[in-house]
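Subject: Structure handover

Hello,

Here is the structure you asked about. My notes follow below it.

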Amino acid sequence: MVLCFPVVASQSLALTDAARAAKRVLGELGERKGNKLFIGSDAGSGKTELGRILARSLPEALALSLLDFEYLDAPLQATALLDAHLGRAPTQIDVEVSADVAARGGKTIIVRVPDGWRLHDDADGDGDAAHRDRQARTFFDALWRQPDLNVIVIGACRLGLDRVAFNLRGPETNTNLLFDASAWGQCAAAAHELGQRLEGTPGLMPVPVRLAVGARFLEAKLDRLVEIAREPAADAIPELIGMIARALEDDPVRKRALEVIRGLRRTLPRGDFLELLDCGPADEDLFTRCLAYGDPVQVPEAVRNALRNVEPDGTPPQAHAQMGDTYRALDGAATAPWSNPAQLEAWFEKAYHYGAASGFRDQEWNELELVGPQMYWSRARALSRDKRYSEAATVFRRCLDDYPEDDYAAHYLGQNLDWSGQPGAEAYLRRAVELSKDNVWWNARLVTHLIEAPLPRAAEEAWQSALKAIDPSGTRSQGEAWLAEHLHRWVALAWLRVGRSDRADQVLSSIPRAFVERHGQLRELRHAIDDALEADTLGHAVYAYGVPMNERWRSDPRHLDRFDPDGVDLEVWFPGQVHLVEDGTVTVAYADPEAPRSERSLGFTEISKNDWRRIATGLRPRAKLFVELGIYANGERLIVRQSERSPPDFLRPSPRTRPLP
Amino acid sequence: MTVRSLEEFVVDKSLLYLFVAGPGTGEGIAVRLPQDLGWLAVDGCRAAERAHYSLEAILERWGGDARLRFFAFTHPHADHAEGIPELLECFPPDCVGVPGIDDPENHLVAEAERVRSSSSSPKENRVHAALRAIQRQACDLRILRDGIEPQTWGDVTMRVLAPTHDEYRAWEATKKPPLGKGANRVSAVLVIEFGEARIVLAGDKEEGWDELVRKYPEVGDHSALKVPHHGSRDALHNGIITSPSSKPSRAWLLTPFGRSGLPRADADDGLDYLLEAQSPLLLTALSMSTRLQTARTIRAVTREDLSQQRETLRKRRTFSAQDIVLEPASALGPLDAVWCVGIDHDGVVRERWAGDGAMEVHRSDT
């Protein structure tokens, strides 16, 4: 038996049915080989505990605890740990081979899957999400395909398994523990107060209760905390994390501790954890019992996720450097220590954190002997996020040297070359498409790169190739809204940003109108294209951007009064835009709103500044100002401003360098 | 001189050919060098169908294997920037030139990069796209400024007469977005000489002609003139327009700019003034009406004809009686709004070729 789940030694706040569930699993497994069992579970329902019991009970068990789905190296690390458990030291990590070896060895693999794991079927997320999906599928498909291999998956997502063995019962909170001062240390008083208010409350979840104790320790209002703790965990956790983060934000030491917690992917012994946090004795229990728990200390996935939402910029490189140092002390190895899974896990964590410590442990990272492309990706992404595009490009180039078929590295090498203003981006963006012909994002970004280059003819050619590869029959564009969102939208937007409303229109018009209507950004883009097309066709804009297209070219003005103060009729009016302001005159371009579309013409009127002051009371003339020009039946003329909504920023040309999406 | 249809155009390798395209908004110029030495191109414009640009069409049809030797972008206005990305993509030039001064950071491409993020309209975005297309050319970026070393190709020399160093500095010092604001002040003026032949490509230069003519009085003595700034009255300097010519014949080519109603056909305005000195003028298209463009049967008109057509449009509902009224005019194909003249080594205009939408504008008494 090999145990890879953390043994979290602490009195448990969660009352789970893990022990009973384990018996049931063992019964389901029986003596047959090749079982594939999925045990559904919610947050806090005892996944870790169940895994631990199973790993102890099964003679040939290999237990794997996956990293959060967002980490690109999650499947790589899982495969490497599997190899280490199998006593292998592969030259190349390949889950197919690992699974085969495990099957031949009669193993049972127990996989604990964090709740965030999903197989999206392209229905959500960006290019990176799709890549994570692809990796996840590769990993699990390799396990599913081994006919003689027992696999037990414990998690929230089935990951391709049809049969659900059963679902773990949701946890209940052991509120008695809130009165046990030894379980809470300096937070004992806060826990006690919560205990008094929550005792006997059904349906409480352990993680929100822990966080509520922490928030109370930080002097949040008790009444409010009691309310929040009773809410569903998905609502309560982000709210409590927000309260805690706000309470700590002015204290640099505590803020840094929170950043470390956010970036920690695996468990750490309590002593190492506290040393890393360097938070002072007064806060130790806040961080080790409320935001995290156990020994080794474990940070719940939901807490990490909520912290990431509070501070989306990520853990600072310096904190990653220190985490890397901590794991270095644990792994004690320069090269991957295949013979010891625990050390190997620490080695991977060290590599990850040094990679993310952009600018702090560059030499240490460079000296590592990497074992998979994903280790390069993590490093390069950190550099790119830090706007060190040239260095990121160098890392992706190294990756591509080692893994020439890696479309991810090829694509992002191209992107980072582009962002750093270096030549050669196009070749790598094309290479990525060659390697993964129907990849929506690689295709979209190649086309948009060519549009922005600008190489319009090549862009057109690449667009046609993309459609042929992704949607040869044309049915996907008509039936899959996500494709419009991730492909057509970006291409149309790129055309619009280089002033080509006609081409943008062609692209967006090729998807069903219903998709556009349903999707806010597509709807805005449609409006922007129509607005630009109208101005291009007429030769000048006369309606402000914010005027909906279906409210243009109507007989009634939007701003001019139908009657003047003396009751005189408005006889004629025009929408227009100030074309030019010179020393003595203001030139306004305008159009007749009642002219049939085919007969629309553009008028230019020159108004002296004296006249302007008289007929456009209080309106300072400036170029691009949208106005309504009116003539009343008594010959009086009037100019009023059209209310304006500026075009959204996304329509502006891309800056020279851009952050990662 | 006989005007022949551009459809029938055949190359005489001994001649220097000047193609001027102007479908209603903006202009593009292509110069075919004699003896198959290649092409020069200046600015760009679009015809009705956006995917087809005049200069690209000219080079595709008559370019042969000859290279594009030089591309010049006279100034950052959208009407001169259309189709430049397509042209440079299909015909990568040996060199590109933009107005600027010698400092590597003081030229139009660098200026565009500085203000790029402030661009807020499709027209501005097209100018920026054109400048990025220029920037991405691997060839040398040359500064177009008075006093720079002339470029030569065989017997052909190209000189830059404007902008001056001071003109560019002054524009740059007051520069605020958008990029095109006041950019006619730095419009490049190019002179191409081949033996006795001299072609003046005056861009959209409106101001500063006094100084230019004083320094280069020979600009008035030319075989062909691309009239400055679409024939606006303010851009027409006596030193060019009324200066006596030593050439036995000359051609003045004129592109319209619909949005500003240029060239203006009223008495004492641009066309009137030009026609006093030279008739006929070679106007690439009627700018004011799609319907008039689509008629395509008008080969010769007078200023009065044009004036009357404008008056007809003015009868529509207007804010004031003197307003300029224009219909969107874009009914032309890429080779319709084009004039081409062939000039020999002695500076004599030997041939005139016209696209279907191009016309001669005559003085009414001729």
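A residue is called buried here if its relative accessible area is under 20%, exposed if over 50%, and partly exposed in between. By that cut-off, both A:W117 and A:F140 are buried. Please keep in mind throughout that this is a predicted model.

Confidence

The average pLDDT of chain A is 88, and 93% of its residues score at least 70. Two stretches need care. Residues 6-10 of chain A stay under 50, and the model gives them 16 contacts beyond four places in sequence. Residues 655-661 of chain A are also below 50, with 22 contacts in the model beyond near neighbours in sequence. Where pLDDT is low, the predicted coordinates should not be read in detail.

Chain A overall

Chain A has 28 helices and 12 strands. Its C-alpha atoms fill a box of roughly 95 × 60 × 50 Å along the principal axes. Of its 661 residues, 58% count as buried. Among contacts in chain A with a separation of 6 or more, 67% are between residues 24 or more positions apart.

Rings

Over all chains there are 26 aromatic pairs. One of them joins A:W117 and A:F140 edge-to-face, with the centres 6.1 Å apart and the planes at 90 degrees. The two residues are 23 positions apart: A:W117 is in the loop between strand 4 (108-112) and helix 5 (127-144) of chain A, while A:F140 is in helix 5 itself. In chain B, ring pairs connect B:F9, B:Y17, B:F19, B:W39, B:W62 and B:W353 into a cluster.

Two arginines of chain A also sit over rings. The charged end of A:R265 is 4.6 Å from the centre of the A:Y71 ring. A:R489 lies over the face of A:W490, 4.4 Å from the ring centre.

Between the chains

How many residues of chain A are in contact with chain B? The count is 52, and they meet 36 residues of chain B. The size of an interface is often given as the accessible area lost when the parts come together. Between chain A and chain B that area is about 3,700 Å², and carbon and sulfur atoms give 47% of it. Six salt bridges are counted between the two chains. One of these salt bridges joins A:D536 to B:R126, whose closest N and O atoms are 3.1 Å apart.

Single residues

B:C90 is in helix 2 (residues 84-90) of chain B. B:C90 counts as partly exposed because its relative accessibility is 31%. Apart from neighbours within four places in sequence, B:C90 is in contact with A:R457 and B:E56. B:W153 is 63 residues from B:C90 along the chain, and their C-alpha atoms are separated by 21 Å.

Is A:S98 buried or exposed? Its relative accessibility is 0%, so A:S98 counts as buried. A:S98 belongs to helix 4 (residues 95-104) of chain A. Beyond its neighbours within four places in sequence, A:S98 is in contact with A:T79, A:L82, A:D83, A:L86 and A:R88.

Finally, helix 8 (residues 270-277) of chain B is mostly covered, with six of its eight residues buried. Those residues are B:G270, B:L271, B:D272, B:Y273, B:L274 and B:L275.

Regards

Key: Residues are numbered from 1 along each chain as its sequence is written. Chains are lettered from A and ligands numbered from 1 in the order in which they are written. This is a predicted model: local features need pLDDT of at least 70, side-chain atom pairs count only at pLDDT 80 or more; totals for chains, interfaces and linings use all residues. Side-chain values use heavy atoms; hydrogens and water are left out. pLDDT is the predictor's confidence in each residue, from 0 to 100. Contact means heavy atoms within 4.5 Å. Rings of Phe, Tyr and Trp (its six-membered ring) pair if their centres lie within 6.5 Å; planes under 30 degrees apart count as stacked, over 60 as edge-to-face and the rest as tilted. Helices (H or I, at least four residues) and strands (E, at least two) are DSSP runs, numbered from the N terminus. Buried means under 20% relative accessible area, exposed over 50%, partly exposed in between (1.4 Å probe, protein chains only). A charge sits over a ring if NZ of Lys or CZ of Arg is within 6 Å of the ring centre and within 35 degrees of the ring normal. Buried area is the accessible area (1.4 Å probe) that two parts lose on being put together, summed over both. A salt bridge is a side-chain nitrogen of Lys or Arg within 4 Å of a carboxyl oxygen of Asp or Glu.
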